[in-house]
Amino acid sequence: MSERLFLFDPYQLEFDASVVARLEHGGRPAVILDRTAFYAESGGQPWDEGMLGEARVLAVVERDGEVVHVLDRPLSAERVRGRVDADRRIDHMQQHHGQHLLSKAFVEVAAARTIAFHLGSELTTIDLDRAVSLEQLRGAERRANEIVWQGRPVRVEALSLDEARAQGLATPDGVSGPVRIVDAEGFDRQPCGGTHPRSTAEVGVILVVSLERYKGGTRVCFVCGRRALAAFARRQELLERLVGVFSAPLEELAAAAQKTQDELARSERQARGLLARALDGDARRLLAEARGSAPGASATTPTLVVATFDGWPPGDLRLLAQRIVALEPAVALLASRADKAHLVFAQSEGLPHDVPGLLKAALERIGGRGGGRGNLAQGGGDDPESLGEALAQAAAAVKARS
Ligand SMILES: [Zn+2]
């Protein structure tokens with residue numbers, strides 16, 4: 001089994017090693033070395049990246065107890081120099097150690113145990129076994145950061161299984177040999193195979209960015225160290241944009257956003273009222289015009305309104321049709337030439353026409369699609385040129401039955 005240098009010294013990023021096996025992993029060339037500083041993905045912490053000779057290390061995984069380095073090209077040399085990507089390693093150390101401290105702080109503050117840990121490419125999460133309040137969350141965050149700023153030494157020890165159990169440590173399942181313990185002096189001790197800094201101070205800062213109820217417990221999302229700085233910068237940039245959009249200082253941003261939202265809701269209500277009034281006026285005018293153009297019709301004949309508009313959205317057309325047929329016994333055959341050709345047909349309650357059938361026949365003329373039921377049907381097509389013919393045909397069908 002290859003010697004894992006990161007277990008004893010996570011700061012050693014360069015090393016020389018011999019290739020002991022060449023294999024394939026996921027269609028890529030891969031090697032096993034006699035010793036390695038590359039961390040293989042496990043326990044919620046992703047793998048290290050870097051270089052082996054001229055080859056880029058794309059992934060590092062455990063396979064049958066060996067550390068397998070997956071490469072972007074085959075490696076022919078017997079001896080290689082490995083270089084672990086420092087930024088990625090430091091980032092993982094900050095997130096992982098921050099996780100240990102935050103998890104312990106949640107035990108202290110809320111008696112909440114961590115049951116899952118995931119170190120993602122942007123955010124790190126822990127799942128707690130119970131619900132925690134916002135106050136407990138802020139308390140745990142404060143406590144964990146105090147431990148960071150005290151710069152407590154972090155040590156790694158190897159204990160026998162019996163020793164670990166005697167100290168009340170939760171030993172991992174399926175482990176028979178020595179248990180590796182990561183100890184943040186006087187605060188937290190726990191079995192872990194990950195890479196950790198030599199001092200809590202190197203975590204920098206721990207910032208919780210979100211909390212959500214998850215499977216009866218809580219999922220806590222956080223960032224540490226450099227990621228916290230980057231996350232703060234992103235939020236700052238976003239806030240500055242909002243400050244510009246709302247023309248309000250940061251402290252008044254929430255109030256300004258609320259005010260804008262209230263004004264918008266008021267405007268929308270007002271616009272709906274104005275539209276209803278305008279459509280009511282249009283409906284009365286169209287009905288009067290239709291009655292005027294059909295002087296021979298008896299008083300009991302429903303009024304037939306046929307009208308075409310430019311650029312009306314189908315929603316407004318439908319509201320107008322509904323208003324017309326509500327005011328008096330009437331049939332409304334309305335069309336709009338907008339981006340497409342729109343049609344809305346309607347009749348008053350109790351009139352005998354097959355409105356969906358009329359629409360279907362009209363749509364065939366304009367090459368469109370649509371439908372409806374009972375007294376209202378609407379549709380649209382791509383041929384606004386044929387709207388006139390389609391309306392005339394429908395009007396003729398209505399008149400024939402009236
Ligand atoms: Zn750990």
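Predicted model: local features only at pLDDT ≥ 70, side-chain atom pairs only at ≥ 80, totals over all residues.
Local features are described at pLDDT of at least 70 and side-chain atom pairs at pLDDT 80 or more, whereas totals for chains, interfaces and linings use all residues. Residues are numbered from 1 along each chain as its sequence is written, and side-chain values use heavy atoms, with hydrogens and water left out.

View 1. Distant parts of the chain are linked here: His-96 belongs to helix 1 (residues 86-110), and Cys-192, 96 residues apart from it, to the loop between strand 13 (188-191) and strand 14 (206-214). Helices (H or I, at least four residues) and strands (E, at least two) are DSSP runs, numbered from the N terminus. His-96 is buried, at a relative accessible area of 2%, and Cys-192 is buried at 13%; buried means under 20%, exposed over 50% and partly exposed in between (1.4 Å probe, protein chains only).

**View 2. The packing of helix 1 against helix 2 (residues 134-149).** The two axes are 8 Å apart, at an angle of about 130°; axes are lines fitted to C-alpha atoms over the stretch in contact, and angles run from 0 to 180 degrees between N-to-C directions. Helix 1 and helix 2 are therefore oblique to each other, the term for angles that are not under 35 degrees (roughly parallel), over 145 (roughly antiparallel) or 65 to 115 (roughly perpendicular).

**View 3. The packing of helix 7 (355-366) against helix 8 (residues 387-401).** Here the angle is about 155° and the axes are 8 Å apart. Helix 7 and helix 8 are therefore roughly antiparallel. The contact (heavy atoms within 4.5 Å) includes Leu-358 and Arg-365 of helix 7 and Glu-389 and Val-398 of helix 8.

**View 4. Pro-352 in the loop between strand 18 (341-347) and helix 7.** Pro-352 is partly exposed, with a relative accessible area of 45%. Not counting residues up to four places away in sequence, Pro-352 touches Gln-347 and Arg-401. The C-alpha atoms of Pro-352 and Glu-252 are separated by 61 Å, the two residues being 100 residues apart along the chain.
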